Amino acid sequence: MAELSTRKSSVTIIGAGLAGLSAGCALADAGYKVTLLERRPYVGGRASSYQHPGTNEIVDNCQHVLLGCCTNLLDLYDRFGAREKINWYDRLTFIEPGGRQSVIHPSPFFPAPFHAAPSFLAAKSLSFADKQVIASVMLKLMRGLPPDTSEDFLSWLKRHGQTERAIERFWKVVLVSALNEDLDRTSVHYAAQVFRESFLKSAAAGKMGVPTVPLTELYSAGVDYITARGGQVHLRCSADSIDPQLNSVTIKAGDRTFTSDYAILAAPYNVLGKLLPDTSEAAPLRADLAKFESSPITGIHLWFDREITDLPHAVLLDRTIQWMFQKSKLQNRHQNGAQGSGAEDSNARSSYIELVVSSSKSIVESSKQEIIDLALKELAEFFPAVCEAKLLKSAVIKEVFATYSALPLSDAYRPPAQTAWPRIFLAGDWTRTGWPATMEGAVRSGYIAAEALTAADNNREYFLQPDLPAEGLMSIYNK
Ligand SMILES: Cc1cc2nc3c(=O)[nH]c(=O)nc-3n(C[C@H](O)[C@H](O)[C@H](O)COP(=O)(O)OP(=O)(O)OC[C@H]3O[C@@H](n4cnc5c(N)ncnc54)[C@H](O)[C@@H]3O)c2cc1C
């Protein structure tokens with residue numbers, strides 16, 4: 001009996017993205033015997049980096065940013081010491097074609113939700129009339145989140161008197177990046193949540209975090225965390241099938257077999273269907289998986305022989321390209337302009353820029369050269385130094401299934417962690433977390449699945465972190 005009660009339960013997790021890593025770290029820390037299977041040779045999933053074959057550079061699959069309100073992601077960083085690898089920025093520079101800049105930043109003299117009001121009122125990219133209608137909607141969102149209905153956010157904004165420019169230069173700019181979907185395909189509830197959580201709650205909630213190291217370097221510490229607690233991480237190990245039994249779960253991966261007490265499936269929704277058992281119990285989940293739609297993101301990586309701007313990052317208005325990240329500054333990567341060896345050398349002015357196009361449906365079919373030509377033409381409208389600079393090398397990374405689309409009423413088919421099989425749980429940014437598809441959403445899903453597993457194991461543990469407290473006047477309205 002004593003032997004039974006001290007025996008640690010085992011869990012096999014499929015997928016070492018942030019959902020699988022966070023579940024694995026939480027359960028390993030709680031004493032579970034964790035086996036994590038990842039089909040790629042590196043961890044991080046859709047937030048990862050690798051050596052790009054065309055340029056020989058270590059590149060992120062795409063620039064990833066987080067916000068101060070990402071409490072669960074920050075908790076994961078704290079577990080394996082990654083928080084110190086994040087730099088924080090509280091100033092966002094919006095640039096119009098032609099170069100005029102508006103900077104939005106918090107003021108220490110105004111309480112939330114008015115902390116950014118002085119810089120917002122001074123912004124040149126919006127007229128007074130635009131600001132008035134934006135403020136009227138913000139005051140409405142202050143009081144709470146509108147319910148999710150069949151209405152999309154674009155029609156909701158128009159119904160609430162938003163001007164074309166307010167939509168283009170404010171709502172669209174923030175939301176297309178945050179939710180990776182066009183406004184006419186976005187749930188009102190999730191759109192409103194982005195503004196309430198990041199813009200209104202507090203200045204701390206809205207500050208932007210940017211990793212100072214490539215993404216896989218950031219997340220590889222999660223592997224060490226799991227193995228230091230007796231777990232195993234198998235890379236290049238692609239699960240093929242799952243067989244739930246009465247007291248265990250067996251997962252086949254090529255010629256290897258993993259049998260454990262529990263399993264967490266943390267693979268994306270568009271590959272999960274192939275892994276599920278071919279039984280009637282799987283039918284409702286399969287039907288839900290078929291309802292998801294996804295939206296692409298395109299990252300355009302440019303190496304110049306000189307710096308084209310002093311800014312570490314900027315929001316680019318009115319064009320196809322939406323964000324500029326100066327990776328050589330953000331990651332302190334001084335490029336050797338001639339060879340791109342990554343070493344700091346005589347050519348210290350060279351730079352590495354990444355441009356991001358979210359919901360990039362309009363360019364995802366274009367060739368690499370077409371995308372580079374468009375990007376250079378547009379970039380020169382914001383930073384004239386591009387015209388003088390020499391492009392040394394470039395890469396275009398298209399993530400066609402970047403994130404699921406937070407369509408109106410999409411929560412109806414986002415499944416919970418629990419499945420038809422008592423020993424199998426789901427995790428992933430697409431599961432029912434209450435958050436859109438983000439790194440924070442993925443970590444929440446991992447913690448939710450890990451909590452559900454411990455409850456099923458009669459050993460209830462709590463991993464989810466509380467939200468950041470609302471400050472100032474927002475604390476009155478925060479439910
Ligand atoms: C281009 C791009 C830009 C983004 N920008 C941001 C951003 O700035 N901020 C932000 O918060 N979020 C951003 N996101 C979203 C964020 O990356 C995702 O929400 C999050 O990483 C999803 O994590 P996940 O663990 O749910 O899924 P994934 O990362 O997809 O992890 C699933 C893992 O399962 C593995 N797998 C699949 N099948 C198998 C199998 N059969 N056997 C074993 N392993 C398997 C995959 O290889 C993968 O590693 C971005 C996403 C993309 C694509």
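1. Phe-170, Trp-171, Val-174, Leu-175, Ala-178 and Leu-179 of α7 are in contact with Tyr-190, Ala-191, Val-194, Phe-195 and Phe-199 of α8, contact being taken as heavy atoms within 4.5 Å. Sorted by class, this contact comprises 11 nonpolar residues, with no polar and no charged ones; Ala, Val, Leu, Ile, Met, Phe, Trp, Tyr, Cys and Pro are classed as nonpolar, Asp, Glu, Lys and Arg as charged, and the others, Gly among them, as polar. Helices (H or I, at least four residues) and strands (E, at least two) are DSSP runs, numbered from the N terminus.

2. The model is predicted, and local features need pLDDT of at least 70, side-chain atom pairs count only at pLDDT 80 or more, and totals for chains, interfaces and linings use all residues. Residues are numbered from 1 along each chain as its sequence is written, and side-chain values use heavy atoms, with hydrogens and water left out.

3. Helix α7 (residues 164–179) and helix α8 (residues 188–200) have axes that come within 10 Å and cross at roughly 95°, the axes being lines fitted to C-alpha atoms, for helices over the stretch in contact, with angles from 0 to 180 degrees between N-to-C directions. The two helices are therefore roughly perpendicular, on a scale where angles under 35 degrees count as roughly parallel, over 145 as roughly antiparallel, 65 to 115 as roughly perpendicular and the rest as oblique.

4. How many of the 13 residues of α8 are buried? The count is 12, so α8 is largely enclosed by the rest of the structure; buried means under 20% relative accessible area, exposed over 50%, and partly exposed in between (1.4 Å probe, protein chains only). Among the elements against which these buried residues pack are β5 (66–67), α5 (128–142) and α16 (474–477). At the start of α8, the backbone nitrogen of His-189 has a side-chain oxygen of Ser-187 within 3.2 Å.

5. Helix α2 (residues 18–29) packs with helix α3 (residues 71–80) at an angle of about 55°, the axes being 11 Å apart, which makes α2 oblique to α3. Leu-18, Ser-22, Cys-25, Ala-26 and Asp-29 of α2 form the contact with Leu-73, Leu-76, Arg-79 and Phe-80 of α3, and by class it has 6 nonpolar, 1 polar and 2 charged residues.

6. Gln-331 sits in the loop between α13 (327–330) and β18 (351–358) and is buried, with a relative accessible area of 8%. Its side chain makes a polar contact with the side chain of Asp-60 at 3.4 Å; such a contact is a pair of N or O atoms within 3.5 Å, where within protein one must be able to donate a hydrogen and the other to accept it, and residues adjacent in sequence count only if both atoms are side-chain atoms.

7. Most residues other than glycine have a negative phi, and most peptide bonds are trans. The Ala-112 to Pro-113 peptide bond is cis, with omega near 10°, and Pro-113 lies in the loop between β8 (101–104) and α4 (117–122). Asn-56, in the loop between β3 (49–51) and β4 (58–60), has a positive phi near 65° and is exposed at a relative accessible area of 56%. Ser-359, in the loop between β18 and α14 (368–382), has a positive phi near 45°, and at 9% relative accessibility Ser-359 counts as buried.
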